[in-house]
Amino acid sequence: MDALWMVSPLLLVPLLLWTSSTFTFYFKKFFYVAWMMFLALLAIPMSVVKSGGRDIENMRIIRFLVRHVKYLLGLQIEVSGQEHLQLQGPYVIISNHQSSLDVLGMMEILPDRCTTIAKKELIYAGTVGLICWLGGIVFINRKKTSDAKNVMCDAAKTMLEDQIRLWVFPEGTRNQQGDLLPFKKGAFHLAVQAQVPIIPVVFSSYNSFYHRKEKQFNSGTIRLKILPKIETKGMSSDDVSSLADKSYQVGTSS
Ligand SMILES: CCCCCCCCCCCCCCC(=O)SCCNC(=O)CCNC(=O)[C@H](O)C(C)(C)COP(=O)(O)OP(=O)(O)OC[C@H]1O[C@@H](n2cnc3c(N)ncnc32)[C@H](O)[C@@H]1OP(=O)(O)O
Ligand SMILES: CCCCCCCC/C=C\CCCCCCCC(=O)OC[C@@H](O)COP(=O)(O)O
């Protein structure tokens, strides 16, 4: 009987851990990274067999493999305005950026022949880095604006030559404050240089289920709103600032 009194509190420890929201936060975060690394490990040989190397068509494999992950994390994704993505040819998608969880929403609506611009550090993220490279993700060095600009100028040409769509996070970094950081200009130069439309996508705030600082990661719903295109035909580099301002207004009012 004495032994039972001693063991019972010990048995409570894992139970308390399991129900603690901090434990759930770390568990889900760890699981998310580990599972994405595992999925990337599957996607690498599939991509090499399908395309023989770096090819935007590999994004189809990534999209297919990632779509179930939301269920494993207790998340639902609701999409509105899907019709705005039904455009022929290249375009630039811009969206707000809260967390690495944005990848789930991105893969929910990612059109064919669409890849993204990412910080170059991502390429070192193990299997995830390698599959990003195989998926044609365009890596930029944010610390060297001139390098980043050159890469994006080349991307504008490739978009037209290879009929590619690009997803850019114009805030340039993650932001969980529920507002929009000032927009960087790269996405707008890109769209103007390629003379292609911009399609804004707004992710709803994750604050109702996910808080990095407070270590909370509950079940919840991500709402993705795809907005009508913003034309850039006939615009020049002189119009980039006003285009960025207009896109920012559209984003904040949606
Ligand atoms: C199976 C499992 C698989 C799992 C794999 C899942 C794969 C999914 C991966 C998802 C990855 C998501 C990654 C997201 C990120 O990494 S976000 C961070 C990286 N992205 C960005 O930073 C994009 C936004 N940033 C920009 O566009 C910037 O403008 C940048 C080009 C980087 C330059 O930075 P900076 O100097 O800080 O910005 P400014 O905007 O102030 O620009 C300075 C001046 O340069 C002019 N400029 C900018 N770009 C251009 C250009 N392309 N051409 C000409 N000129 C340009 C700009 O106008 C400024 O000059 P002025 O002040 O206007 O005179
Ligand atoms: C060698 C092992 C290294 C392990 C690293 C794990 C990498 C993460 C793995 C899986 C996560 C799922 C896909 C992640 C892709 C999302 C990338 C992302 O969101 O990058 C943040 C970037 O936009 C802005 O960066 P900052 O906010 O400026 O900082």
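Phe 183 is buried, as is Phe 188, where buried denotes a relative accessible area under 20%, exposed over 50% and partly exposed the range in between (1.4 Å probe, protein chains only). The model is a predicted one, in which local features need pLDDT of at least 70 and side-chain atom pairs count only at pLDDT 80 or more, while totals for chains, interfaces and linings use all residues. Residues are numbered from 1 along each chain as its sequence is written, chains are lettered from A and ligands numbered from 1 in the order in which they are written, and side-chain values use heavy atoms, with hydrogens and water left out.

Phe 188 belongs to the buried residues of helix α8 (residues 186-194), which also include Ala 187, Leu 190, Ala 191, Val 192 and Ala 194; helices (H or I, at least four residues) and strands (E, at least two) are DSSP runs numbered from the N terminus. The elements covering these buried residues include the strands β2 (92-95), β5 (165-168) and β6 (198-203), together with the helices α7 (145-162) and α9 (240-252), contact being defined as heavy atoms within 4.5 Å. Just after α8, Gln 195 adopts a positive phi of about 55 degrees.

When neighbours within four places in sequence are left aside, Val 92 is in contact with Ala 187, Leu 190 and Ala 191, with Met 159, Leu 166 and Val 168, and with Val 196, Pro 197, Ile 198 and Ile 199.

Aromatic rings form 11 pairs in the structure, where rings of Phe, Tyr and Trp (its six-membered ring) pair if their centres lie within 6.5 Å, and planes under 30 degrees apart count as stacked, over 60 as edge-to-face and the rest as tilted. The ring centres of Phe 23 and Phe 27 are 6.0 Å apart with planes at 25 degrees, so this pair is stacked. Phe 23 and Phe 27 are four residues apart in helix α2 (residues 21-51) and are therefore separated by about one helical turn. Phe 23 is partly exposed, with a relative accessible area of 28%, and Phe 27 likewise counts as partly exposed, at 41% relative accessibility. The rings of Phe 183 and Phe 188 are stacked as well, because their centres lie 5.8 Å apart and their planes stand at 20 degrees.

Strand β3 (residues 114-119) is largely enclosed by the rest of the structure, because five of its six residues are buried. Two strands are taken to pair if DSSP finds at least two bridges between them; on this basis β3 pairs with β5 in the parallel sense over three bridges, with Leu 166 of β5 as the bridge partner of Thr 115. Three bridges also join β3 to strand β4 (residues 138-140), and these strands run parallel, with Lys 119 standing opposite Ile 140 in β4. The chain crosses from β3 through helix α6 (residues 126-134) to β4 in a right-handed β-α-β crossover, a term applied if, with the strands pointing away from the viewer, the path from the first strand over the helix to the second runs clockwise.

Arg 113, which lies in the loop between α5 (102-109) and β3, has a positive phi of about 55 degrees although it is not a glycine, and is partly exposed at 28% relative accessibility. Gln 163, placed in the loop between α7 and β5, is likewise not a glycine and has a positive phi of about 55 degrees; its relative accessible area of 41% makes Gln 163 partly exposed. Within helix α5 is found Met 107, which is buried with a relative accessible area of 4%. Apart from residues up to four places away in sequence, Met 107 touches Met 59, Ile 62, Arg 63, Val 66 and Arg 67.
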